[in-house]
Every structure is written in C-alpha cells, then in structure tokens.
Amino acid sequence: VTEESQAGARPLRGRIRRGRAGASDGVDREGRRLIVGVSTVTATAMVSNATFNYVITPLIQDLQATESQQSLLRQLPSIGALLVIFLAGVLGTRIGPRRFLIGSALLMGLGYAMVLVAPAMPVVSLGLLLGSVGQQGLFVVVIGLLSAGLTTPSARATGFSTLAIVTPLVYIVGPVVAGGLIGVTGWRVVIALWVLSAGAAAVSAVRLLPADDRAPADDPTPADDPTPAATGELWTPALAGFALACVVQCINNISTDGITGTATLVWLGAGILATLVLVVLMRRLSQPSLDIAVLRHGGFRLLLVVVLLVPFAALWYYFTIGLQYVYGYTALEAAIIMVPAELMAIAGAWWSGRLMTSRGIRFTGTLALLVMSLSLFLTTTQTVTMPLVLSLLIVCLYSAALTGANAPVTTSIMNLAAKGAEGSAAAFRGAAGSLGNAVGVVMMSTLVFAIFEASLT
C-alpha cells in the first residue's frame, strides 16, 4: 500500500479516540447504519455468486445446452460486469446511489426470474446477462456510497473491514444450502432463491440506506445545483466498459481458438475500435463523463495493479476443484470442508480492521500480502499423498490473508479519490478486479492443465 495513500490516513497510526457516538472506531450512529445497510445489500446480492457453480451443471444438462452455449453461459457474468462497470460509477452519482441500487437490484431480480422460468438456453443467457449487469452495478455503487458516507480514514477502515466479512459469511451458507437443495429439489429452486435475494437487496436499500437528496451537513453545495456530471454524456463510460469486455473475451478465446482464431480476432478488432473512439471522445469533449483524473495519481495506479494481480492465485477455486477430482468428494461435501477456510476469512477481515486502527493502513496491507505470499509458497510443497488437513490449513492461512488484504487496499484506493469522484474510483477498482479474475483464470488454467498433461508422460 503506497506512501501517498498512507499520508491521507495518518490518524490510523495511533489509537483512535472515542467519537461522538462513543465508538472507538470513529464511526457515529449514521455511519454504523450505513455500514449495516451496505453490508446487507451486498450480502443479499452475492447469493448468486456463492451458488453459481452448483447450478450450472444441472442447468445445462436439463436444458441440453450445446458446447458453445455452455461456454457463453460461464462467460456471461464477466461480460455483463465489465459492460456496466464504468456506467455504474457515473450513473450512481447522477441519479443518486440509493435509486441506482434499487434499480440494479430490481434488474437482478428480473434477470434471475427469466432464468427461473426459462424453457431454453437463449432465455437463460439473456437472464444471466441482465442479472450480472444489475449485480456488478450494485457492487460498484455500494463501494462509492460507503466511501462517500464515511469521510474519515478511521471510519473507512472500519467500514471496509466490515464489508470484507460479507463474502466469506455468504460463502459459508450459500454453497451448503445450494448443494443440499439441488440434490433434493432441482436447480430452479436455487434460482428462486436468487430472485428472493435480489428482492431482499432492493428492500434493504430502501429501508437501510440514506435518501439521495440528503446532503452532508458540511457540504456547501446546494442539492439542486446542476453540475456537469448530472447532465453529461454516457458514451465514454460505455465505450470504456465495452473495450474492457472485448479485451477479456479476446483473452478467453485465445485459450480455446488460438491467437489467430476468428473469434479472437473479432474481439480484438472490436476492442481496438472501441478504444480508438474512446480516445477521440476523451480528447474532444470538454467534460467527459468518464473521470480519469484519479489515474494520474501514481499510488492509485499501483494499487490497481495489486487488485489486478491478487485474483491470479484463485486458491479457493483450485482447492475446491481438488477436493472433488483429487480427493473424490462431492460438491456438497467440498462446500462443508471449505467452512473452516471461510471462518478464517472472517477472522482475517476482523483482524485487519483491528490492525488498521492500531498500526496503520500500509502496515496492515503489507503484512497481509506477505502472509498471502507465504501461503502460496507453501502450496508448492503439496503432493497428492499429503493429508487433507495440511492442505486445508494452507488454504485457511490464504483465506485469512486474502480478506485481511482486501480492506486496507480498498481503503487506500478510496482515500485517494477526490470528493465526488468516489464512484469513478470504485469503478476502476472493480474493473481491475474483474480483469484480474478473467486473465487469471485463462493464464492459470492453461498453466495448470499444461503441467497436468506433462505429468502424465
């Protein structure tokens, strides 16, 4: 975590004094309500992520999906996420974060409802695309909303460390419930849970998040003051998301069709064209909606590199696959075995929040990333004859370090965003993470299976 972001968080070096609400974390009553609201909305929206892998196999078997349809189905979440990611950063500020979150949750519910009643794969694909667009838009805006609502570094540290607990908490319950339901009732019941969760996200946004027209007391800008951001164009954020999606699809197709494959070249050409048009618009428009001012900060760019690289390991994914294909466990048994790792992830997020208040953001982030590196180094000692408990201990260490690094890195990124540019910073953070996930899956899967094939000879 960079020196520049740490400079904006120096109050975290010492022990935080008690705030107005009597809390030692610098968060007042409204801030706590915001943290609870954002965490609740995020948790309910994440149910589909936690159960996606358990639904896909029975779904494609039931609807007799072709190989190309199966491939598209697995790529749709990342495509939808990238298409909307920069638009969400702009529209969340333009129409108000709570209104946007409610709309995103309703779009999620509509998409998942289409999947629920789908008679054929084209309807499923369209529904998943709509659902992923709504979900990623929601994830971007909640980060910006939390950062804008918690104005002190200590409050942000508390908020983002609390939010980091949400993912492992959902992943403890979701896979176990999904695995059990699919074995008894079928995949559509799990999709029905997605629809209900999307509705719960909308209700949570209405009940727990602050109204959009309520400006901070110390904000001298009138609520009805027209700004360029409120009336600007949408071409630049849309093109940025489309170009990024093209890059990811180009990389995905390299691994299947080769670098000279038709699909690879089509996506490459579309990405280059979108990028050229975006550059022209950014140069000619006096006030483009896509705000790239934060990218001029060297520390911000370095933090985006961290966000991009961390998903490359994907140890959770590979360990889950290993439980099924190396140790011979079912999907439900694998989900149960992963519970200790999820509990350690929760402990890591809690530990990260405590450490940030006592030792600072940079120390916490650096330590967490070093521990993550150690856990990945320990994986090189694993063999197929190693007892499962030893492998699980390594994954537990990795899980704690991964969530422990999430809060300080996110806090540092959002501390570098200017007031009013939180949505843009959150969008770039989300884009880096999505790109890292996509590229990491292609690169690491290719490497893993190449080594696997070589080991057979």
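At what angle do helix α12 (residues 298-309) and helix α18 (residues 422-455) pack, and how far apart are their axes? The structure is a predicted model, in which local features need pLDDT of at least 70 and side-chain atom pairs count only at pLDDT 80 or more, while totals for chains, interfaces and linings use all residues. Residues are numbered from 1 along each chain as its sequence is written, and side-chain values use heavy atoms, with hydrogens and water left out.

The protein chain has 18 helices and zero strands; helices (H or I, at least four residues) and strands (E, at least two) are DSSP runs, numbered from the N terminus. Of its 457 residues, 47% count as buried, where buried means under 20% relative accessible area, exposed over 50%, and partly exposed in between (1.4 Å probe, protein chains only). Among contacts in the chain with a separation of 6 or more, 81% are between residues 24 or more positions apart, a contact being heavy atoms within 4.5 Å.

Helices α12 and α18 pack at an angle of about 35 degrees, and their axes are 7 Å apart. Axes are lines fitted to C-alpha atoms, for helices over the stretch in contact, and angles run from 0 to 180 degrees between N-to-C directions. The crossing of α12 with α18 is right-handed; a crossing is left-handed if the near helix is turned anticlockwise from the far one by less than a right angle, and right-handed if clockwise. On the α12 side, the residues in contact are Phe-300, Leu-304, Val-307 and Leu-308, which meet Ala-425, Phe-428, Arg-429, Ala-432, Gly-433, Leu-435 and Gly-436 of α18. By class, this contact comprises eight nonpolar, two polar and one charged residues. Here Ala, Val, Leu, Ile, Met, Phe, Trp, Tyr, Cys and Pro count as nonpolar, Asp, Glu, Lys and Arg as charged, and the others, Gly among them, as polar.

A second pair is formed by helix α3 (residues 47-62) and helix α8 (residues 187-208), whose axes come within 9 Å and cross at roughly 145 degrees. The crossing of α3 with α8 is left-handed. Residues of α3 in this contact include Val-47, Phe-52 and Asp-62, and those of α8 include Trp-187, Arg-188 and Trp-194. The contact of α3 with α8 has nine nonpolar, three polar and two charged residues.

Ser-289 lies in the loop between α11 (262-284) and α12. The residue is buried, with a relative accessible area of 15%. Its side chain is joined to that of Arg-94 by a polar contact of 3.2 Å, that is, a pair of N or O atoms within 3.5 Å; within protein, one must be able to donate a hydrogen and the other to accept it, and residues adjacent in sequence count only if both atoms are side-chain atoms. Leaving aside residues up to four places away in sequence, Ser-289 touches Val-90, Arg-94, Gly-232, Glu-233, Leu-234, Thr-236 and Pro-237.

Ile-337 belongs to helix α14 (residues 331-337) and is buried at a relative accessible area of 17%. Apart from residues up to four places away in sequence, Ile-337 touches Leu-323, Tyr-329, Leu-388 and Leu-392. Ile-337 and Leu-392 are 55 residues apart in sequence, with a C-alpha to C-alpha distance of 8.4 Å.

A disulfide is a pair of cysteine sulfur atoms within 2.5 Å, and the count by this rule is zero. Cys-246 is in no disulfide, the nearest cysteine sulfur being that of Cys-250, 8.9 Å away. Both residues are buried, Cys-246 with a relative accessible area of 1% and Cys-250 with one of 9%.
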